[in-house]
Amino acid sequence: MSRESYPNYSDCKYMEQKSFLDFCKDNLVKIPDYQLDYFEKEKLIYPIKRKIVPEEYAILQQQGEGDQSVIKRINVEHLPLIKLEDEYFKFRNNIGDTITHPFDKVNEEWQKYLINPNEIDEWENYEVNYIDADGKSWKTSKAENFYSYWQIYDIDSINEFRKRFLQIKLDTETNKYYLTSGSENVERYKSKRENIVKMSAFECHRRFLCDFIESYYRIKRIVYRQSAEYLTEDEVNTFNEKITEMSRHILDKNDISIDELYKFLNKLCNLYFEYGSKEKNRLQKLVKSDIWHTVELISYVNGESWQDIALKIDNITRFGIYIYTKEPKNVLEAIFPYESKEIKEKAMYHLDIRLKKYNENVLTDYELNNNDLDNFILFLENNGLSHFLIFVVDANEEYFKYTYKSRRNIIFLLRNLGIFVEEITKMISLSSNNSGIENQSSLKNILKTICGEEVWWGKYYDSKLGGINDKNVESRINEQLNKLNSSGQDDFILINLSISTILRNYYAHNSGQKVYFVKEYKRLLSCLINSIFIIWALGRKKI
């Protein structure tokens, strides 16, 4: 996406309606502005705060001019409102060291212009229609609505509910069909808001989390602004003390226990995996940030480490949610993995599966066991070739996609693995003390140092695998793939290496590749991995 999917966390508690709508749009949650009013009428979602000004004040704001005596009177009568707008401007633009939002300063006179809409209030139309001195008609509003960033989850829940009951109906007056949620279904469920808005039971928790997040980032901004380029140890301690004090104050103010915090954290983790299963990636990233902040809040309040907190969350296993993990993992480890370790685990999961299929098709001398695979990974790590693991993970994610497969991604992934065949062959050859190999540009000549004594080598070396371009690469690849369909163990190695060589030559010598191999991708991916296994099966004996 072109813009960050995260809100401005130092001002996320009271987002202006337009900012909130833009935020939803950036995270692919559809919500036209008129629907916010509709959802409020249906008692599904309410603004966090509403500012209501007198009609004449709203008109004056829109017109920007008027009778000076009227302007003077308004300024006197509504001085608290003018002060509120001044404080609001300073807060939004980080002028001064204010941590508390002006809307939350309960003893100020301007509170009379602010309300907290809820289900008890009947919906009201705040529209103001008037005619100016020239007789021209105008329209404005005396109310301004504010939403918290976390209400995006509620909007998504409502949208999901409405989609579930979408029906096609005929408008007899216009003789046109239209989509509707079906009033009978909405009526059946809307009285129970928790059936529609998944996180409604944790609204209080979300509010205080938002309090914590906004205060955390404002304190952090102030501390860093007052310091030099980096914080001293004393400044870090002071910062942590301020955050701890603020965190405990927020919990006390909202009367939330640590046990309730953990229930809330569990709920957020469930929502994270739910969004992942539905491929709502941007919302998943947003919830991940909420989980991180909730863990931080618990840590500041209770003094528990991430490891302590992780142990108190329900465990999950490889089956189902977290498919790549061989050993059981707790939820926080799954959501916030150690990246290099995580990549290795995912890659090993896929390589284990492919190794079994590879062993079914090769002679005994070429078979590899789990110990051989571990040694191969160790060789990669010791020789700066760990990027292969990233290639494997990315290639398999594209392989298992249920949605559209990107042609550009396929080019990128096949190219990476095709070039890696040359990389791994060169590194094994260099480790076998084959001098001069680093200057070789022909894959055949590089492979010869490892495979030159094999019975099939002459046949491979004499085959025409060069001169590959956009016009002939598909036919050359398909010719080899057709042979693979009927090949025995003797030809399996020859054909896999031939296909890998064609791909390597194509990607190495053609800068603007126009052939995408969408249909052949799965089989070509297998051929490339098989070739790397073959090279290691022979090369391990020479190192």
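Helices (DSSP runs of H or I, at least four residues) and strands (DSSP runs of E, at least two) are numbered from the N terminus. Keep that in mind for this tour of a predicted model, where local features need pLDDT of at least 70, side-chain atom pairs count only at pLDDT 80 or more, and totals for chains, interfaces and linings use all residues. Residues are numbered from 1 along each chain as its sequence is written, and side-chain values use heavy atoms, with hydrogens and water left out.

**The whole chain**

Start by showing everything as a cartoon. The protein chain has 22 helices and 10 strands. Of its 543 residues, 47% are buried; buried means under 20% relative accessible area, exposed over 50%, and partly exposed in between, using a 1.4 Å probe and protein chains only.

**Helix 8 and L209**

Now select residues 203–226, which form helix 8, and find L209 in this helix. Is L209 buried or exposed? L209 counts as buried because its relative accessibility is 3%. Next, show what is in contact with L209, where contact means heavy atoms within 4.5 Å. Leaving aside neighbours within four places in sequence, you will find Y149, F264, D290, H293 and T294. Try the distance tool on L209 and T294: their C-alpha atoms are 6.9 Å apart, although 85 residues separate them along the chain.

**The largest core**

Select Y149, Y153, F212, L265 and I291 together. These residues have the most contacts inside the largest nonpolar core, which has 81 residues. Such a core is a set of buried Ala, Val, Leu, Ile, Met, Phe, Trp, Tyr and Cys residues joined through side-chain atoms within 4.5 Å. Helix 10 (residues 258–277) gives the most to this core, with 10 residues. Colour domain 1 (1–58 + 123–148) and domain 2 (181–336): both give residues to this core, so it lies between them. The domain bounds come from an automatic or database domain assignment.

Apart from this core lies another, of 67 residues, including V393, L413, C527 and W536.

**An open sheet**

In what order do the 4 strands of the open sheet lie? The order is 1-6-2-3, with antiparallel pairing; two strands pair if DSSP finds at least two bridges between them. The edge strands, each pairing on one side only, are strand 1 (15–16) and strand 3 (114–115). Strand 2 (residues 49–52) is joined to strand 3 by 2 bridges. Zoom in on K51 to see L114 of strand 3 opposite.
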